[in-house]
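Subject: Handing over the structure

Hi,

Here is the structure I promised to pass on to you. Have a look at it first, and then read on for my notes.

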Amino acid sequence: MSDHIITYLGRNYSGAVNQNLLWRSGSVFLMDNHRAALWCWQQQVDLYATPHRILHIDRHSDALSANLLSHVNSMPDLRGLSIADYLDASVTLAGSNHPLFRWDNYLSIHIEVFKSTLSGLRFATHGDGDAPNYANKINSAPDELPENLEFWLTGEGPKWIVNVDLDYFFYKEADDNWELMFSEQFIDAVFSGISAARDKGHVSAITICLTPSNFTSGWEACLELSQRAFKLLGIDHPVI
């Protein structure tokens, strides 16, 4: 069964907190802003009680450390929390209210709050952003992904949450335009590996973020890429 978790608002600016899209098909979630990922994970895994591992494929670490303690202290209980209340959650900083969850801090909040159940963290990033406060994090270079992804995800241990931001696949040219930096074969190998591991029962949730307003070529290019990913995952893509 698939559905829009929030009302689709159109191909608008996303930025740090605007959530225009959040769609679900079973254990696979599609969003334009990555800030919703933590809520999606809790829908598939009881993060408070269930050991889990995270594979984070993203240009950025999404592990902002600034004001982390204030954010953690403002963290609502995710169990039974509606998506509206999640997106509306706030933190007070210097006397002003700010959105609690952003595209650049939801993962650092997760690592701190759920450190007792987080059993592994593998990062495939381009090194942008703060390093996560997780001692046993494994870093993986791009050229390791195609041949090893399924192997990593099907190894012994708790099930994985696979978290992908499509900005990982883009690079900025000298003229400031963004283009895909990997071949179709590379992209197919990545999502085929994720799909195979899911089909073998090793993946609890897959969150895919478009990031259409920054670090990519825009909505059209990101949707073309997500459609390719969904085909490999065997899921009908929403009409957007």
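Predicted model: local features only at pLDDT ≥ 70, side-chain atom pairs only at ≥ 80, totals over all residues.

If you want a place to start looking, Ile57 has Val164 in S9 as its bridge partner.

**Aromatic rings**

There are 11 aromatic pairs in the structure. One of them is Tyr48 with Phe114, an edge-to-face pair with 4.8 Å centre to centre and 85 degrees between the planes. Tyr48 belongs to the loop between helix H1 (37-44) and strand S4 (52-57), while Phe114 belongs to the loop between helix H4 (106-113) and strand S7 (118-124), so the pair ties together parts that are 66 residues apart in sequence. Phe114 is buried, at 1% relative accessible area, whereas Tyr48 is partly exposed at 25%. Tyr48 also has a charged neighbour: the charged end of Arg79 sits over its ring, 3.9 Å from the centre. An arrangement of this kind also involves Arg122, whose charged end sits over the ring of Trp152, 3.8 Å from its centre.

Trp178 and Phe215 make another edge-to-face pair, at 5.8 Å centre to centre and 80 degrees between the planes. This pair links distant parts of the chain, 37 residues apart: Trp178 is in strand S11 (residues 178-180) and Phe215 in the loop between strand S12 (203-209) and helix H7 (219-233). Trp178 counts as buried because its relative accessibility is 17%, under the 20% limit. Phe215 is partly exposed, with 27%.

You will also find one aromatic cluster, formed by Tyr168, Phe169, Phe182, Phe186 and Phe191.

**Salt bridges**

The count comes to 10 salt bridges. Arg11 and Glu220 form one of them, with their closest N and O atoms 2.8 Å apart. Arg11 lies in the loop between S1 and strand S2 (22-25) and Glu220 in helix H7, so this pair ties together parts that are 209 residues apart in sequence. Glu220 is exposed at 53% relative accessible area, and Arg11 is partly exposed at 40%.

Glu150 and Lys200 form a salt bridge as well, with the closest N and O atoms 2.5 Å apart. It links distant parts of the chain, since Glu150 is in helix H5 and Lys200 in the loop between H6 and S12, 50 residues apart. Lys200 is exposed, with a relative accessible area of 53%, and Glu150 is partly exposed, with 29%.

Elsewhere, the side chains of Glu112 and Lys115 meet in a salt bridge at 3.0 Å, N to O.

Best wishes

Key
Residues numbered from 1 in each chain as written. Heavy atoms only, no water. Phe/Tyr/Trp six-rings, centres within 6.5 Å; stacked < 30°, edge-to-face > 60°. Helix = DSSP H or I, 4+ residues; strand = E, 2+ residues; numbered from the N terminus. Buried < 20%, exposed > 50% of the residue type's maximum accessible area, 1.4 Å probe, protein only. Lys NZ or Arg CZ within 6 Å of the ring centre and 35° of its normal. Pairing = 2+ DSSP bridges. Salt bridge = Lys/Arg side-chain N within 4 Å of Asp/Glu carboxyl O.
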